Amino acid sequence: MAARVGIDKWMFFTTLLLVVVGLVMVFSASAVVAQERYNSPYAFVGRQAGWAVAGVLAMLFLMHVDAKVYKSTRFIYSALAVTTLLLVAVFFFPGSHNTHRWIRFGGLFTFQPSEIAKPVVVIFLAWFLHTRLDQMRDWKHTLLKAAAMPVLFMLLIVKQPDLGTALVIAGVAAMLLLLAGMEWKYLGVAAAVALPPLIALLVLVPWRFKRLLAFWNPDLDPQGAAFHINQSLIAVGAGGLTGRGYMEGMQKLFYLPEASTDFIFANIAEELGFIGSIAIVLLFAVFGARGLRAAFRTQDPFCRLVAFGITTTILLQAFFNISVVLSLVPTKGIPLPLISSGGTSVFVTLASIGILLNITRTAE
Amino acid sequence: MMELKGKKVLVVGLGKSGLAAALFLRRRGAQVTVSDVRSAEALAKDIPALLDEGIMVETGGHGLLTFRRQDLIVISPGVPLNTPELAQVKSFGLPVIGELELAARFLKGKTLAITGSNGKTTTTALVGEILQKAGVPTLVGGNIGVPVVALIEQSTDETWSVLEVSSFQLESTEQFHPAIAVILNITPDHLDRHGSFESYAMAKERIFAAQNEHDFVVLNADNARAAQAAARSVAKVYFFSVEHSVLQGAWVEDGFLVYRSAKDEPVEKVMPLHNVPLKGAHNIENVLAAVCASRLAGVSSEQIRNAVEAFQAVEHRLEYVATINGVEFYNDSKATNVDATAKAIASFSSGIHLILGGKDKNSDYTQLSQLLRDRVRAVYTIGSAAAKIESELRGVVSILSCETLDKAVSAAASEARPGEVVLLAPACSSFDQFENYEHRGRVFKELVSERRGWNVWQRA
């Protein structure tokens, strides 16, 4: 007797607010750089706005599509195949910043397949696990098979290299498996298996190791590996309680790297201060609370897993991103969902929220 | 088993099960006192029988001294566990148990217990019927009619007691140990706060708390919260699902209800889906649960099929009529008083479009207020009682004045959204517009069937 209630308005408006704040802050963070590079202060924010509008349209459409349609085997297999294809295809496109993360069509359209891997892993695991809630102790047939696709995606993404996104996928997959009833000891086993290669990736890749050292001791190499994090902390500190004021930030003026993407929260802290930063954190908290509420109130096991997965994907990224900015964890390139500049990210996140909003309708 | 002879026992709450518990305890030689907050007048019909048996009766509230100098306190399901008196008594170290727990300590044979937010009564009745038809000595009780303590005297070591148990009853259990425990579904019901939903869910899970690895637990794979209980059970877990196959348990496959006792065992075809006499998606879940539980109790697939096919839902008593545009229609024309209507409303968690009215029997409709607020989206009034109902329930729920059943069905059908329910449970007699309640029910079913023809998308 699934009673239909309306779309969760709290979640809907929190999402829109985050997108608007994102565009406003992306403009502030990118205007000067855009003017310098493209001779127009709107170069970055214009493209971001295009993606955001497309994303909101996708959200409005998907929130009217019954989330149960994704249960179909055909949908799942197609999504897995397309995602694998895209994740392999990135290696055939010219890199940027020494990484292969983007697929480009002409100069205008770029697309980041690792973003789409996140919701695809969530929907795949929800589909695979929702019929196996009684088989969660069967590691051979349930746990290993469930882990195979996410691990393949993670390996392809690590190869790009984009360790941050791979770690987000690992975290979300682990939480979904635990929600489905996996015993904690298997998580221990997985961690034990994953730890040696992870340490190898952190220690043997020179720039990662330098960043790691810089995290422990930011004074070691302030102009090199610790540059990001030092500039970020300067920005946050400069903001104080109320900030320097919108558009008044100094750090984004070629000091703070990635001011409109991975470090946009530093720019927010500088311009809007502690109060503005806390407001952003609160918006994510409201979003998270509504998402988890939907997850635990919907009665369909598939929808519960999907709602939980989408919510934790967004929360985990926000948590990591803000932690990086505050130097609570070593620097990793993870966007602040809905806010950071990055077209694919904002589009895919909004589309996922569309699915989540549909599930809120069945959450009594 | 505990010794009762000469023990001082207090029974709190004089409902049906409190009364049965008091009489049982007295017959086992205990010195029994009964205490109820209601007045002596309200309890007048039960008091003489109790006094005749030598049971002391206290009415109009509990004196603090009543709770002293007892060896055991038995509380009825309706009594809240957190009253100050009970809290104090517990702090003295006195055992406080529920009627179900008391019964569990004396009931002989094996127990098959069924709980859930919806469908308990149907499933319990169905399992009872299956076991009985298969020649198993069966007793049926719990929430469904007979209190569990009243079954004790008839039980033998061969008996299967099929019990409908509520979360209220499970809250105060310790040794209650069903050989087969069934959780049909756990839905938020009218509980708003997640915290209290979780404690409600955990109360349901107490049904398997005392089980060991030789016992069975049967869970609904299509209900997220019920399925997740699997992680906390030490018993053998069986699932049932309308949507997909399960490792061991019952599910629907190619138009058949099927069962598999273990992963490597063959799949047994129990019966064709269209032979199930109970309609509505939730009833298929109930039947699957009953199939699985009865199979585990040792009944063969064939015996189950015969019993299920012969099982008839009672006409006009929460009778499923049809699903149109995703809206389910139920006929409870037999609900001719406020009490019966309350029970009908309580069978659905929310989203109810309720048709009320007929000939007033001098009823107090405000008794429905809480249920209406929690579960009913709109009320559609018919018949001569309409004006009275509207004035008594104004502001409680949105009310549409429809006059006739015909108009009420049209209005409710157009207001209801997919997943919601249109329920005829009028709380009045039918004599102003119909010959009797059966006639009213048949007219309702015809009106619904007419609407059915309008839409080709409805599911069977």
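The largest nonpolar core has 197 residues. By nonpolar core I mean a set of buried Ala, Val, Leu, Ile, Met, Phe, Trp, Tyr and Cys residues joined through C-beta atoms within 7 Å. Buried means 20 or more other C-beta atoms within 10 Å of the residue's own, with C-beta atoms placed from the backbone. Among the residues with the most contacts inside this core are Leu176(A), Val306(A) and Val218(B). Its largest share, 16 residues, comes from helix α11 (residues 301-325) of chain A. Helices here are DSSP runs, H or I, of at least four residues; strands are E runs of at least two; both are numbered from the N terminus.

This is a predicted model: local features need pLDDT of at least 70, side-chain atom pairs count only at pLDDT 80 or more, and totals for chains, interfaces and linings use all residues. Residues are numbered from 1 along each chain as its sequence is written, and chains are lettered from A and ligands numbered from 1 in the order in which they are written.

Now chain B. Its domain assignment, automatic or from a database, gives domain 1 (8-94), domain 2 (101-310) and domain 3 (319-452). The C-alpha centres of domains 1 and 2 of chain B lie 31 Å apart. Their contact takes nine residues from domain 1 and ten from domain 2. Contact means C-beta atoms, placed from the backbone, within 7 Å. On the domain 1 side, α1 (16-27) and β4 (72-75) of chain B each supply at least two residues.

Key:
Buried ≥ 20, exposed ≤ 12 C-beta atoms within 10 Å, placed from the backbone. Contact = placed C-beta atoms within 7 Å.
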